[in-house]
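Here's a walk through a two-chain model, written for someone who would rather look at residues than at tables. Keep the viewer open as you read.

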Amino acid sequence: MTVTPANQLEERTPDPKGAGPTAITSNSPTALAFARFRKDKKSWVALVVVVVYISAGIAAPFLVMFGVLDPQTANQDLLNANTLPAGDFWGISWTHPLGVEPGVGRDVLSRIWLGITYSLAVSLAAAFIAVFVGVALGIIAGFAGGWTDAIIGRVIDLVLAFPQTLLLLAAAPVGLAILTEQLHVPDGALAQGMFVVLVLGLFGWTGTARLIRGQVLSLREREFVDAARLFGASRRRIWFKELLPNLWAPVLVTFTLYMPAFISAEAALAYLGVSVRPPTPTLGNVLKDSIQYASGDFLYFFAPAFMIALIVVSFNLLGDGLRDALDPKGDR
Amino acid sequence: MRRAIIGIILLLALSLLTFVLFFSSGVDVTRFACGKNCTPEKRATTEKALGYDKPTVVQWTDFLQGVVVGRDYPDDPELQRESPEIVTHCPAPCFGFSQVNAKTVNSLIAEAAPVSISLAMVAVFLWVLFGVLFGLIAAVRKGTWIDRGIVGATLVVYAFPTFFIGIFLLKYVAIKWQLLPFPQYVTIADGGVGEWFVNLLLPATTLALFYLAGYVRITRAFVLESLSEDYIRTATAKGLAPRKVLFKHALRAALTPLVTMIGLDLASLLGGAIITETVFSYHGLGALALRANVSYDLPVLIGLLLLAGAFVILANIVVDVLYAYIDPRVRLD
């Protein structure tokens with residue numbers, strides 16, 4: 001069930017294609033939001049970029065399987081005596097559109113492309129964890145109030161007071177040991193990936209929890225919650241069946257904004273050596289490898305950074321666009 | 001007062017959590033501290049000297065005692081009698097003793113802190129100055145290409161990873177194009193304020209570029225909001241110069257959120273900017289943390305974690321108190 005806030009009722013606009021100013025259609029808030037989003041060109045471009053990245057990310061493992069992308073073969077024959085790519089323009093060719101890596105000689109496009117898959121997978125999983133924990137605790141804190149609220153509030157303070165990067169660094173050997181030895185996750189990219197997902201997710205939920213708590217505080221005073229309570233609905237039913245459906249808009253927006261934050265965070269962690277490690281490529285560790293050749297091979301240095309920046313900007317613009325469309329009051 | 005008490009409780013919880021996390025981890029902490037030619041006996045001695053043979057909670061209370069009244073290393077009276085020459089006194093507030101460096105954690109932090117503090121100060125100066133300036137310009141020129149350009153450019157710069165920006169500035173601006181000298185940390189005492197500032201410019205710019213976008217957005221949003229308020233119209237109507245209206249009345253609305261952001265961002269930077277310090281080889285707190293992590297130097301890591309946590313908690317309190325001064329409507333309870 002979706003509640004129409006009073007301020008949105010007034011926003012019903014005449015159908016532009018209608019017979020005239022008298023043709024007034026009644027639009028649901030969702031339809032209104034969609035109409036607002038449709039007018040926002042910037043968000044459309046961002047959405048297209050995001051869709052392209054996600055499709056590319058899904059396609060990459062199959063392309064590797066069929067041999068179209070080859071992120072591991074070392075093409076030593078394409079390097080010159082200084083182990084830089086031979087030829088003009090950083091060794092660009094039809095078979096290697098972004099050239100090959102200096103030193104090793106792997107195809108750069110393949111590594112970046114498959115890196116998108118791994119980076120998106122890690123960010124997506126971490127965003128799910130962060131949103132899940134944040135929404136659950138936010139609803140509980142907002143609805144229960146009192147001591148429960150106070151305790152959750154202090155836990156949030158505690159998590160925020162932890163210097164994240166430092167803790168991640170320090171906890172990496174311990175976390176990996178627990179994952180491989182006690183939970184029997186096979187050592188390697190999977191365990192490293194799971195560690196990154198867990199730490200990003202378990203440190204990232206605080207913002208969502210605060211946001212959802214605030215929303216719940218206002219929602220719980222509404223009549224439909226009283227009605228449900230009068231019907232004798234259980235607390236869990238009120239939390240997850242009555243309140244949660246009214247929270248999808250902020251949840252969608254935060255989820256979209258978690259993605260760029262986590263893609264950037266993965267890159268930062270890769271630089272410090274605690275993300276997924278090569279030879280499995282992520283956008284972060286491809287960039288980490290490439291910065292050694294910052295002055296020798298500009299294309300190799302710039303390409304992974306550009307791919308990170310493009311998706312981060314796009315997800316941010318998409319998140320802002322969604323927020324503007326779903327919450328026209330909050331013009332920030 | 002209530003805030004201060006909550007802050008102290010938070011710090012205690014933080015330190016206990018840190019101890020449990022590190023010492024129940026099962027990673028052999030004495031291996032690194034003991035050195036290369038480690039025999040089981042030697043390891044036991046090391047363990048005893050560092051107090052690692054005691055239960056975690058006892059180690060934690062020992063640590064707290066060290067913070068309040070100071071302590072001696074090694075702690076064990078037997079070991080102190082055997083070899084009095086290695087006993088180091090660590091005065092209060094003592095954050096531990098790093099066996100790897102054979103120094104107290106306090107002295108290690110004291111060596112590294114000026115670098116991190118200098119870096120943070122210059123970075124904050126840069127991003128607040130340019131963030132507020134660009135935010136104001138964008139708000140005044142709302143909807144024009146200047147506005148879109150400022151907001152877009154800062155977002156794009158923010159989207160590039162910090163270490164990429166840092167390496168780019170280092171390899172291209174400093175080395176290839178030689179626009180600025182190769183940055184090396186120079187203390188004010190050695191080179192004067194000018195040298196100190198110029199050398200900090202590149203790493204501080206790296207940090208500032210990351211934070212800039214957020215400050216532009218906040219300034220722009222709050223100034224825009226206040227520009228449509230009645231008191232702005234009143235100020236303009238009574239003939240106040242447009243510049244005065246903008247700086248004295250419109251910008252005032254952005255002051256509260258800006259102070260919050262500055263306080264929290266500065267606090268997190270004071271704990272050490274790990275990536276930027278690593279890129280530019282500055283030996284600040286962040287670089288110290290990275291080195292401590294590589295050698296698994298637990299006392300240093302714990303000390304740094306708590307220091308950084310304390311900065312964040314303190315900043316929260318300071319920001320709350322500042323509110324009351326900035327905005328007379330806010331009252332401290």
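Does T280(A) count as buried or exposed? At 16% relative accessibility, T280(A) counts as buried. Here buried means under 20% relative accessible area, exposed means over 50%, and partly exposed is anything in between, using a 1.4 Å probe and protein chains only.

## Before you dig in

This is a predicted model, where local features need pLDDT of at least 70 and side-chain atom pairs count only at pLDDT 80 or more, while totals for chains, interfaces and linings use all residues. Residues are numbered from 1 along each chain as its sequence is written, chains are lettered from A and ligands numbered from 1 in the order in which they are written, and side-chain values use heavy atoms, with hydrogens and water left out.

## Chain A at a glance

Chain A comes to 13 helices and zero strands. Of the 332 residues in chain A, 47% are buried. Take the contacts (heavy atoms within 4.5 Å) between residues at least 6 apart in sequence: 71% of them in chain A join residues at least 24 apart.

Not counting residues up to four places away in sequence, T280(A) touches R111(A), Y118(A), A189(A) and N285(A).

I212(A) belongs to helix α8 (residues 206–219) of chain A and is buried, with a relative accessible area of 0%. Leaving aside neighbours within four places in sequence, I212(A) is in contact with V135(A), G138(A), I139(A), L247(A) and V251(A). P250(A) is 38 residues from I212(A) along the chain, and their C-alpha atoms are separated by 7.7 Å. I129(A), in helix α4 (residues 108–144) of chain A, counts as partly exposed at 23% relative accessibility. With neighbours within four places set aside, I129(A) contacts V197(A), L198(A), G201(A) and L202(A).

## Chain B and a helix pair

Chain B has 14 helices and four strands, and 45% of its 333 residues count as buried.

Now find helix α6 (residues 105–140) and helix α13 (residues 285–294) of chain B: their axes come within 7 Å and cross at roughly 135 degrees. Axes are lines fitted to C-alpha atoms, for helices over the stretch in contact, and angles run from 0 to 180 degrees between N-to-C directions. α6(B) and α13(B) are therefore oblique to each other, given that under 35 degrees is roughly parallel, over 145 roughly antiparallel, 65 to 115 roughly perpendicular and the rest oblique. On the α6(B) side, L108(B), I109(B), A112(B), A113(B) and S116(B) meet L285(B), G286(B) and L288(B) of α13(B).

## The nonpolar core

The largest nonpolar core holds 167 residues, and those touching the most other members include I139(A), L243(A), W127(B) and F163(B). A nonpolar core is a set of buried Ala, Val, Leu, Ile, Met, Phe, Trp, Tyr and Cys residues joined through side-chain atoms within 4.5 Å. The largest share of this core, 16 residues, comes from α6(B).

Leaving aside neighbours within four places in sequence, W127(B) is in contact with V132(B), A208(B), Y211(B), L212(B), Y215(B), D265(B) and L269(B).

Terms used: Helix = DSSP H or I, 4+ residues; strand = E, 2+ residues; numbered from the N terminus.
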